[in-house]
Amino acid sequence: MTDPHHDQPERADASAALEAADLWRCDLVTRSGLVLRIRPVRPEDEAALGDFFARLAPADLRFRFLGGVREVSHERLVAMTRVDHRATEHFLAFAEDGGTIIAAAMVACDPSTKKAEVAISVRAEDKHKGVAWEMLRHAARYAQARGAEALESLESRENREAIELEREQGFLAVPYPDDPTLILIRKDLRLA
């Protein structure tokens, strides 16, 4: 027999984590004047996030997942919308209408929280407007506030736009030892 009160501490803990993460809700304005309404992901964002990824260009989808992903699976969407809001956070950027996701930024800290990894996607029609720039700055501030000393991104060497953007924000590129098609981009947050 299951105890109906058994799940209450876990739900309360998850609710507290989301409440703390919600402190990272904000509006950011890009260099082009586009207003981004940023907030942490919620489980109910699964369909909207699936639609966002379905509309990404094939190259952008490949760069985001570093592989031949043609569509983001339900299981992956569940994992991306039910993060713990502690070691992993997933920020969504909405258009001013509040309903259309125009960018997503996942930040995942290692168990020591000394290092975090970031992955960002922006829909094609909102590229070159400063969206990725602001999402990366927001992700870096978040990782730094969580205590991360370094923020990293694993990029395809073909993703020149992302690599250049990260370099402009103080990231350094180093070879990735296990795969010559990839490059590790790293920023020391202690110097930021």
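1. Basis. This is a predicted model, in which local features need pLDDT of at least 70 and side-chain atom pairs count only at pLDDT 80 or more, whereas totals for chains, interfaces and linings use all residues. Residues are numbered from 1 along each chain as its sequence is written, and side-chain values use heavy atoms, with hydrogens and water left out.

2. Overall make-up. The protein has 6 helices and 8 strands; helices (H or I, at least four residues) and strands (E, at least two) are DSSP runs, numbered from the N terminus. Their order along the sequence is α-β-β-α-α-α-β-β-β-α-β-α-β-β. Of the 192 residues, 42% are buried, where buried means under 20% relative accessible area, exposed over 50% and partly exposed in between (1.4 Å probe, protein chains only). Among contacts (heavy atoms within 4.5 Å) between residues at least 6 apart in sequence, 60% join residues at least 24 apart.

3. Largest nonpolar core. A nonpolar core is a set of buried Ala, Val, Leu, Ile, Met, Phe, Trp, Tyr and Cys residues joined through side-chain atoms within 4.5 Å. The largest such core holds 29 residues, and Met 135 and Leu 151 have the most contacts inside it. Two or more residues come from each of strands E2 (35–40), E3 (88–94), E4 (101–109), E5 (115–122) and E8 (182–188), and from helices H5 (131–145) and H6 (160–168). The greatest contribution, 7 residues, is that of H5.

4. Second core. A separate core of 16 residues includes Leu 49, Leu 56, Val 83 and Met 106.

5. Met 135 and Ile 38. Beyond residues up to four places away in sequence, Met 135 touches Ile 38, Phe 91, Ala 93, Ala 103, Ala 104, Ala 105 and Ile 120. Ile 38 is found in strand E2 and counts as buried because its relative accessibility is 1%. Ile 38 and Phe 91 are 53 residues apart in sequence, while their C-alpha atoms are 6.5 Å apart in space.

6. Largest pocket. On a 1 Å grid over the protein atoms alone, a pocket is an open set of points where a 1.4 Å probe fits, with protein on both sides within 12 Å along at least five of seven lines; lining residues have an atom within 4 Å of a point. The largest pocket contains about 800 Å³ of space. Its lining has 33 residues, of which Ile 120, Ala 132, Asn 159, Glu 161 and Ala 162 are closest to the centre. By class, 14 lining residues are nonpolar, 5 polar and 14 charged. Helix H3 (58–65), E4, E5, H5, E6 and H6 each supply at least two residues of this lining, and the largest share, 7 residues, comes from H6.

7. Helix H3. The buried residues of H3 are Asp 60, Leu 61, Phe 63, Arg 64 and Phe 65. They pack against helix H2 (46–54), helix H4 (74–81), E4, E5 and E6. Leu 66 follows H3 and has a positive phi, near 50 degrees.

8. Glu 152. Which residue has a side chain joined to that of Glu 152 by a polar contact? The partner is Arg 186, at 3.1 Å; a polar contact is a pair of N or O atoms within 3.5 Å, where, within protein, one must be able to donate a hydrogen and the other to accept it, and residues adjacent in sequence count only if both atoms are side-chain atoms. Glu 152 lies in strand E6 (residues 150–156) and counts as buried because its relative accessibility is 12%.

9. Glu 134. This residue is in helix H5 and is buried, with a relative accessible area of 8%. The side chains of Glu 134 and Arg 137 are joined by a polar contact of 3.2 Å. Leaving out residues up to four places away in sequence, Glu 134 touches Leu 28, Val 29, Thr 30 and Leu 36.

10. Asp 45. The loop between E2 and H2 holds Asp 45, which counts as buried at 6% relative accessibility.

Definitions and conventions:
Points joined across faces, edges and corners; volume = space filled by probe spheres on them. Nonpolar A, V, L, I, M, F, W, Y, C, P; charged D, E, K, R; others polar.
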